[in-house]
Amino acid sequence: MTQRWVLDEIVDPFGAKVLVERDAAGAVSSARFDLAGLPRVDALLAGQPVTGVPNLVEKLCGICPAAHHLAGVRALEALAGSPELTPTAKAVRALLHYGSALETHAPRLISTDRETALAMRRFGKAAMAAAGSPGHFPTTAIPGGVKTAVSPESRDGLAATAAELLTQLVAVAVKQLQTPSTLPAYAGADVALVDPGASPDLLGERVRAVAASGATILSGASASAWDGLVAEQYVGAPAPRPYLVALGPDHGRYRVGPMAQLRVGDLTTPIAAGLQRDWLAQSGDAGGARAIMTVHAVEAIIALLDAPELVSGEPTVEVGPCAPESVGVGWVDGARGLLVHRYQTGADGRLTAAQILTPTAQNEPWLADLLLSAAAGSTAALDLEDAVREADPCLPCSSAPVGGMGLQVDIVSADGGY
């Protein structure tokens, strides 16, 4: 039987609205980014065959399709018992993911360094194609591994341009570090995926959380523990206000993304690690963090290109069927931060519930803090742009040049009027 879906809402991908509230005295009392135009797709997934969900999700959300692709496949693997992947599968997935991160970050450089931005985008696309995903929507990963290893020709093509791109990106990062942030420090926690040594790992199997003071909140929990780690204050809402369960809804707000990735632990690639130390010493902003993470991505890819398992070895291991009446959680740490897919199956192998927690939803409270600080000085759209760029919501406006974001600012008075 053919299933027919009716999509009765068109969301303007360039639309962006900020809601500012003033108290009775006329002072700004709150400000927030309106996520109502970004409806969650979780409810659409209920009743779907579980094996088809990752492919469906990555096409419903085309801004970060590779991240959704990998998180969804990892959730399926969790439902099938979390098999140990082969070195080849891990290497190819990493190449896809790091390439996707570079492609995602590239537009943010267009207005300041067009040549480097275009080089980064070309390299990112080439890395994804080498990993088996030449189109916009990835096809690399399958439950238990990847479809195939990377060809030696594709590997050599990437190797021929990697060093030059790395030099360009280091220069961008150094320049970015010379521009101090004018935005307020964040009082909440930072959350990112890590490797067994507690270093940031965009495909890590454990999650780490640190407080603004640097104190450890979560030292490294597995995806299977997710339900006890993070909860949504407003379950299923476009702005769910997630929080760390250990700290509760009043004190457990957190952020994800490049700034969090740099604050949870030391990077493992040497050049990026040196830049990270400089960034931490001067309390750098999100622009600097993004630049450093692009350096890290290219360094990681260069290391992968030297690994023999990238081009030879078994691409998959056998996995069993997804277990009925169980929960599987898959995650990745992408260009914008932690993305989580949580699937719950029924007795018939279909989803009974799904939760997809995006970086934008997790960073919405942080963005509200940034907007409140900025709006206290001015509610002009141009003066609020830096706050939006800092938190980097999943909308094209985030990478618009200065003055081109097109923010709509709605100001509401204490009595509810405009």
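Two strands count as paired if DSSP finds at least two bridges between them, and strands (E, at least two residues) and helices (H or I, at least four) are DSSP runs numbered from the N terminus. With that in hand, look at Thr345, whose bridge partner in E13 is Leu351.

The model is predicted, so local features need pLDDT of at least 70 and side-chain atom pairs count only at pLDDT 80 or more, while totals for chains, interfaces and linings use all residues. Residues are numbered from 1 along each chain as its sequence is written, and side-chain values use heavy atoms, with hydrogens and water left out.

**The sheet and its helix**

E11, E12 and E13 form, in that order, an open antiparallel sheet of three strands. Strands E11 (327-333) and E13 (351-357) each have a single partner strand, so one side of each lacks a neighbour in the sheet. From one strand to the next, the twist averages 10 degrees. Strand E12 (residues 338-345) is joined to E13 by six bridges. Helix H3 (residues 65-79) lies across E11, E12 and E13, at about 150 degrees to E11; axes are lines fitted to C-alpha atoms, for helices over the stretch in contact, and angles run from 0 to 180 degrees between N-to-C directions.

**Glu232**

Glu232 sits in strand E8 (residues 230-232). With 10% relative accessibility, Glu232 is buried (under 20% relative accessible area, 1.4 Å probe, protein chains only). Its side chain takes part in these pairs:

| Partner of the Glu232 side chain | Distance |
|---|---|
| Gln355, side chain | 3.0 Å |

Beyond four places in sequence, the residues in contact with Glu232 (heavy atoms within 4.5 Å) include Arg40, Tyr243 and Leu357.

Technical notes: Buried means under 20% relative accessible area, exposed over 50%, partly exposed in between (1.4 Å probe, protein chains only). A polar contact is a pair of N or O atoms within 3.5 Å; within protein, one must be able to donate a hydrogen and the other to accept it, and residues adjacent in sequence count only if both atoms are side-chain atoms.
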